[in-house]
Amino acid sequence: MTMRHLDRREFFRAAAAPLLLRPPSSRPNIVLITGDHLRWDHVGANGNPAILTPHLDRWARGGVSFTLCTTVGVACAPNRASLFTGRYPNAHRLITNGIPLPESEITLTHVLRDAGYYTGQMGKLHFQPHSRRNHREYHPPYGFHQLRLSDEPGCYDDAYGLWLDAQGPEVRRRARVKMPGERGPFDYYTFEGDERTTHAHWVASETVRFIQENRSRPYFVHAGFYAPHPPLNPPAAMLALYRDAKLPPRHWRSDEAAYLPKSMRQAVTRLAGTPEYTWDAHRRHFYAMVSELDRNVGRILEAADPATTIVVLTSDHGDYLGDHNLNGKSALPYDEI
């Protein structure tokens, strides 16, 4: 007897057979929503009473919440590549940010497209390095029929930046953020423009439009939100939700560095002298960004027909948000990220 190995496209087709063998008219639509820096306990239904996520809570309680899953790494691009290819970073070769996903990789969208799905990408994808790229030039499709890309919330001439330009120079100015390399560990402020011009609102609007335009055929759409990734610039209405909120305590120990290898000690001591009021303000802005994400996820949920649509929410990784006296993400092996 001879045996042969399935190539990656055949493997994905076999795994998805229960879905793809259905006639096109009975196949469910699929909406994949990703946050960035969104932690598992930044959804109220997962046990955090301080954070206000009514849409995510209702959705989680009516569906399934996967509480034992972990991310494959601690940077955006490797995790996103793994999510779409089903392969670990050592296999798809994105072991850190700044590396392009090879166009030879077979993605979920290739398989769904081959099976008759119409596929769309709205917002952040991060399969290509974005800080050294002209965002008006060619971007590999990776199996998507439509690409409306925006890997950052207002500093590039990408789809979101050009949409802002079309609203007027003052709208663009109020939404513009610093370039990635120019930001510090505590970038938080109130969004200056109309809340209908935030990056999260734009991603939701583009996703809703895609859903409305493709109701007559099976579709897959990825809504790639940047929120709650810093810089933290929530609309005033979202920030007001946390003005008097009692936030959960930060998790850290004064002797934590003593338990770490020498190479890691500097990480947990660099911000150790940060005043608690700075952490508090930063965390309130972060929570407000999560609520801004929730508000716009709610718009997508309202547009998608629950009887015919599978909706999945996940994140590329979390954010320390003051735990262990750390902020953002790093290669330290803590559960928060």
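1. The lining of the largest pocket draws its largest share, five residues, from strand S5 (309-315). Helix H3 (54-61), helix H4 and S5 each supply at least two lining residues. Helices (H or I, at least four residues) and strands (E, at least two) are DSSP runs, numbered from the N terminus. A pocket here is found on a 1 Å grid over the protein atoms alone: an open set of points where a 1.4 Å probe fits, with protein on both sides within 12 Å along at least five of seven lines; lining residues have an atom within 4 Å of a point.

2. This is a predicted model, in which local features need pLDDT of at least 70 and side-chain atom pairs count only at pLDDT 80 or more, while totals for chains, interfaces and linings use all residues. Residues are numbered from 1 along each chain as its sequence is written, and side-chain values use heavy atoms, with hydrogens and water left out.

3. In all, 38 residues line the largest pocket. Trp40, Phe66, Cys69, Thr314 and Ser315 lie nearest its centre. The lining has 20 nonpolar, 14 polar and four charged residues. Nonpolar covers Ala, Val, Leu, Ile, Met, Phe, Trp, Tyr, Cys and Pro; charged covers Asp, Glu, Lys and Arg; the others, Gly among them, are polar.

4. Helix H4 (residues 76-85) is largely enclosed by the rest of the structure, because nine of its 10 residues are buried. Buried means under 20% relative accessible area (1.4 Å probe, protein chains only). Among the buried residues of H4 are Cys76, Asn79, Arg80 and Phe84. Just after H4, glycine 86 takes a positive phi of about 70 degrees.

5. Lysine 124 sits in the loop between strand S2 (118-123) and strand S3 (146-149). Its relative accessibility is 1%, so lysine 124 counts as buried.

6. The largest nonpolar core has 42 residues. Such a core is a set of buried Ala, Val, Leu, Ile, Met, Phe, Trp, Tyr and Cys residues joined through side-chain atoms within 4.5 Å. Val31, Ile33, Ile211, Val221, Phe225, Tyr287 and Ile300 have the most contacts inside this core. Elements giving it two or more residues include strand S1 (29-35), helix H9 (199-213) and helix H12 (276-303). H12 gives the largest share, nine residues. Apart from this core lies another, of 16 residues, among them Ala81, Leu94, Leu125 and Tyr142.

Definitions and conventions:
Buried means under 20% relative accessible area, exposed over 50%, partly exposed in between (1.4 Å probe, protein chains only).
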